[in-house]
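Colleague: I am new to this one and would like a short tour. Could you show me the structure before we begin?

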Amino acid sequence: MRAVRLLDAHQLEERAVAVTGERPWVDETARAFDLVALEYDRTNRANPILEHMRRRSLAMLRRHVPPGAELLDLGCGPGTDQQELVASGYCVTAIDASPVMVREARRRADASGGAHRPTVLCRSIEQLGKFQPASFDAAFSNFGPLNCVADLHDTARQLRLALRPGGVLVASVMGRVCPWEVALFLCRGQVGRALVRFRRGLVGVPLKRGTVWTHYVTPGAFARAFESAGFAQRDLAGLGVVAPPPYMEAFAGRNPGAVERLLAIDELVGGWPLVRGMGDHFLIVLQRI
Ligand SMILES: C[S@@+](CC[C@H](N)C(=O)[O-])C[C@H]1O[C@@H](n2cnc3c(N)ncnc32)[C@H](O)[C@@H]1O
């Protein structure tokens with residue numbers, strides 16, 4: 001396995017200034033996602049753990065955002081949530097930094113047709129400031145796009161401007177404490193891999209032949225970044241606390257009944273104190289005040 005590369009945000013910023021004046025980790029991450037974009041939807045759909053987590057994120061979104069809302073999907077990927085978002089009555093604008101993901105999401109939007117066809121833009125989360133102020137009622141970010149930004153405080157400030165007063169963000173974000181992951185890799189003697197989520201700054205996570213620059217974060221730190229920009233936390237739940245993480249799909253295939261029961265328990269206890277701070281991802285809802 002390739003070594004995990006580590007750079008903190010200011011080292012990257014320095015390299016960025018020296019090389020291109022842009023943010024190279026965004027481009028590198030986008031290129032990594034380009035490489036998986038064509039198979040992403042199919043492999044996600046075939047993974048029962050991911051499907052269960054996706055159902056829970058969308059249910060949380062519907063609990064906090066009424067139909068008819070203008071919704072910004074941050075890091076939409078190939079549009080895997082698109083159909084469900086439109087069916088829920090949202091008017092969707094979606095952005096992603098990966099051109100191939102955007103092409104797939106547009107193809108999916110064209111195929112769905114209809115008056116409520118989502119608008120899909122090739123734009124990074126760092127470019128939220130390009131939207132007119134108060135353009136959206138809500139934002140949604142599913143399965144970790146917000147882990148790929150180096151400066152959550154800046155994202156929170158930009159998102160606050162893009163949202164109308166009272167607007168909410170519903171996000172699933174990769175957390176630091178994933179009990180299954182720690183146990184799995186410690187049992188295999190891979191201490192570095194077991195503790196990778198505890199590292200600070202951006203961590204280079206291999207994906208195919210690319211690198212996804214990932215910033216693991218606790219729900220507390222994530223909420224504080226948004227609270228300091230004028231948001232208040234409204235909801236929190238752990239995803240994948242007692243159920244295994246999605247990359248254990250082979251284990252899920254061998255033990256479908258057991259994993260189904262664990263997923264049901266996960267859903268039951270995900271919002272409990274302590275438990276909600278853990279998991280492969282956490283689901284968080286923040287409201288612009
Ligand atoms: C794990 S995928 C999740 C995709 C989709 N939300 C889903 O639920 O399947 C993460 C997505 O975030 C996008 N992404 C990563 N960093 C980004 C950034 N800085 N700005 C916009 N999109 C980004 C990637 O290109 C990728 O499509």
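Modeller: One term is needed at the outset: contact, or touching, means heavy atoms within 4.5 Å. Please also keep in mind that this is a predicted model.

Colleague: Understood. Which residues does Arg 62 touch, leaving out those up to four places away in sequence?

Modeller: Arg 62 touches Glu 84, Ser 88 and Tyr 90. With Glu 84 there is a polar contact of 3.1 Å between the two side chains.

Colleague: How far apart are Arg 62 and Tyr 90 in sequence and in space?

Modeller: They are separated by 28 residues in sequence, while their C-alpha atoms are 9.7 Å apart in space.

Colleague: Where is Arg 62 placed, and how exposed is Arg 62?

Modeller: Arg 62 lies in helix α3, which covers residues 48–64. Its relative accessible area is 39%, so Arg 62 counts as partly exposed.

Colleague: What about Arg 56: buried or exposed?

Modeller: Arg 56 is also found in helix α3. Its relative accessible area is 9%, and it is therefore buried, since the cut-off for buried is under 20%.

Colleague: And what is Arg 56 in contact with, beyond its neighbours within four places in sequence?

Modeller: Its contacts are Ala 237, Gly 238, Leu 239, Asp 266, Glu 267, Gly 270 and Leu 283.

Colleague: Let us change topic to helix packing. At what angle do α6 and α9 pack?

Modeller: Helix α6, residues 152–162, packs with helix α9, residues 219–227, at about 45°, and the axes are 8 Å apart. The two helices are therefore oblique to each other. Their crossing is right-handed.

Colleague: Which residues make that contact?

Modeller: From α6 the contact uses Leu 152, His 153, Ala 156 and Leu 159, and from α9 it uses Phe 222, Ala 225 and Phe 226. By type, six of the residues in this contact are nonpolar, one is polar and none is charged.

Colleague: Which residues of α6 are buried, and what covers them?

Modeller: The buried residues in α6 are Leu 152, Thr 155, Ala 156, Gln 158, Leu 159 and Ala 162. Their cover includes β5 (136–141), β6 (163–174), α9 and β9 (231–239).

Colleague: Why might residues three or four places apart in an α-helix point the same way?

Modeller: An α-helix has 3.6 residues a turn, so residues with that spacing point the same way.

Colleague: One last point: what does a side-chain oxygen of Asp 151 reach at the start of α6?

Modeller: That oxygen comes to within 3.1 Å of the backbone nitrogen of His 153.

Key
Residues are numbered from 1 along each chain as its sequence is written. This is a predicted model: local features need pLDDT of at least 70, side-chain atom pairs count only at pLDDT 80 or more; totals for chains, interfaces and linings use all residues. Side-chain values use heavy atoms; hydrogens and water are left out. Axes are lines fitted to C-alpha atoms, for helices over the stretch in contact, and angles run from 0 to 180 degrees between N-to-C directions. Helices (H or I, at least four residues) and strands (E, at least two) are DSSP runs, numbered from the N terminus. Angles under 35 degrees count as roughly parallel, over 145 as roughly antiparallel, 65 to 115 as roughly perpendicular and the rest as oblique. A crossing is left-handed if the near helix is turned anticlockwise from the far one by less than a right angle, and right-handed if clockwise. Ala, Val, Leu, Ile, Met, Phe, Trp, Tyr, Cys and Pro count as nonpolar, Asp, Glu, Lys and Arg as charged, and the others, Gly among them, as polar. Buried means under 20% relative accessible area, exposed over 50%, partly exposed in between (1.4 Å probe, protein chains only). A polar contact is a pair of N or O atoms within 3.5 Å; within protein, one must be able to donate a hydrogen and the other to accept it, and residues adjacent in sequence count only if both atoms are side-chain atoms.
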